Structure formats: C-alpha cells, structure tokens
Amino acid sequence: MAVDPKISDIQRFKQEDTGGPVVMLNLVRFKQDGGRTTYKEYANAVLPFLKKVGGQPLYAGDCSTPLVGEPGQLWDAVLLVRYPNRSAFLQMAMDPEYQHVSKLRTAALEEAVLQATTPWPGSP
C-alpha cells in the first residue's frame with residue numbers, strides 16, 4: 001500500500017503549483033503493531049520543521065465510522081496541515097534532517113493519502 005510519494009507524484013505536485021497556500025489532507029491507517037505510537041512520535045518531531053517553512057497544523061483527529069464509504073476507505077486518523085505554498089512543503093520534505101524524521105512516518109503507516117488542496121476563492 002502507498003505511504004510515501006513517488007518521484008512522478010512530486011513532479012506533478014510541483015507542476016500544479018499556483019504559488020498560493022496549500023492545505024495537505026492526510027488520511028492515515030496505522031500499522032497494527034505500534035503504528036499509532038510511532039506516528040505520534042513523528043507528529044511531535046515534525047513540528048520544528050513545519051515552523052521552519054511556515055507550515056501550520058490545522059486539525060488532527062481520530063476517524064470514526066464513516067457515513068459514506070467503502071470498506072477499503074476506513075481510516076484511523078485525519079490531519080490537515082497548511083503551508084504558505086507548495087515550495088514550502090517541498091523545502092521541508094527535501095531537508096535531510098526531516099528525511100531522517102520522516103522514517104518514523106513510513107514505519108508507522110500501513111496506508112496513507114496525502115492530498116494537496118487549494119482554497120476556493122473567498123473561502124477562509
């Protein structure tokens with residue numbers, strides 16, 4: 001199952017850059033053996049890297065029973081993180097120190113969705 005982006009995903013992410021803010025939607029499914037604990041360790045370790053590039057956690061919470069969704073679409077948690085732009089996200093992702101920390105994320109997850117979103121005109 002997918003957890004980390006491929007080179008082609010990163011290239012497409014860069015090509016779609018409008019220069020404006022981006023909110024990254026994270027849907028995560030933890031590994032059964034200690035995944036949640038390892039992910040919490042990652043979440044704490046990533047905060048200085050977010051601050052360094054102007055990123056800001058907006059929301060983090062556990063998922064419950066979906067009202068609409070297929071069996072394969074069950075997620076353990078959802079996180080929303082705002083970045084000033086896609087370049088800021090990539091700057092963080094390419095930081096060698098962050099790459100060391102990101103190994104915790106990879107080790108914690110069975111599957112993930114990392115979806116870039118852009119605000120609609122006039123939305124907060």
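**Entry 1: a glycine in a loop**

I started at Gly-19, which sits in the loop between helix 1 and strand 1. For my own record, helices (H or I, at least four residues) and strands (E, at least two) are DSSP runs, numbered from the N terminus. This is a predicted model, where local features need pLDDT of at least 70 and side-chain atom pairs count only at pLDDT 80 or more, while totals for chains, interfaces and linings use all residues. Residues are numbered from 1 along each chain as its sequence is written, and side-chain values use heavy atoms, with hydrogens and water left out.

I then looked up what Gly-19 touches: Pro-84 and Asn-85, leaving aside residues up to four places away in sequence. A contact here means heavy atoms within 4.5 Å. I also checked Gly-19 against Ala-107, and the two are 88 residues apart in sequence and 32 Å apart in space, C-alpha to C-alpha.

**Entry 2: the whole chain**

I counted four helices and four strands in the protein chain. Along the sequence they follow the pattern α-β-α-β-β-α-α-β. The radius of gyration is 15 Å, close to the 14 Å that the globule rule gives for 124 residues, so the chain is as compact as a globular protein of that length. (That radius is taken over C-alpha atoms, and the rule is 2.2 Å times the number of residues to the power 0.38.)

The C-alpha atoms fill a box of roughly 35 × 35 × 25 Å along the principal axes. Of contacts between residues at least 6 apart in sequence, 84% join residues at least 24 apart. Buried residues make up 33% of the 124; buried means under 20% relative accessible area, exposed over 50%, and partly exposed in between, with a 1.4 Å probe and protein chains only.

**Entry 3: salt bridges**

Side chains of opposite charge can pair when their charged atoms come close. I searched the whole structure and got six salt bridges, each being a side-chain nitrogen of Lys or Arg within 4 Å of a carboxyl oxygen of Asp or Glu.

- Arg-86 pairs with Glu-16, with the closest N and O atoms 3.8 Å apart. Arg-86 is in helix 3 and Glu-16 in the loop between helix 1 and strand 1, so the pair ties together parts that are 70 residues apart in sequence. Arg-86 is buried at 7%, while Glu-16 is partly exposed at 45%.
- Arg-29 pairs with Glu-111 at 2.1 Å between the closest N and O atoms. Arg-29 is in strand 1 and Glu-111 in strand 4, 82 residues apart. Arg-29 is buried at 14%, and Glu-111 is buried at 17%.
- Lys-52 pairs with Asp-95 at 3.1 Å between the closest N and O atoms. Lys-52 belongs to helix 2 and Asp-95 to the loop between helix 3 and helix 4, 43 residues apart. Lys-52 is exposed at 58%, but Asp-95 is buried at 13%.

**Entry 4: the largest pocket**

Last, I looked up the largest pocket, which holds about 1,200 Å³ of space. A pocket is an open set of points on a 1 Å grid over the protein atoms alone, where a 1.4 Å probe fits, with protein on both sides within 12 Å along at least five of seven lines. Its volume is the space filled by probe spheres set on the points, which are joined across faces, edges and corners.

The lining has 49 residues, and Pro-5, Asn-26, Phe-89, Arg-105 and Leu-114 lie nearest the centre; a lining residue has an atom within 4 Å of a point. Helix 2 gives the largest share, eight residues. By class I noted 32 nonpolar, six polar and eleven charged residues. Ala, Val, Leu, Ile, Met, Phe, Trp, Tyr, Cys and Pro count as nonpolar, Asp, Glu, Lys and Arg as charged, and the others, Gly among them, as polar.
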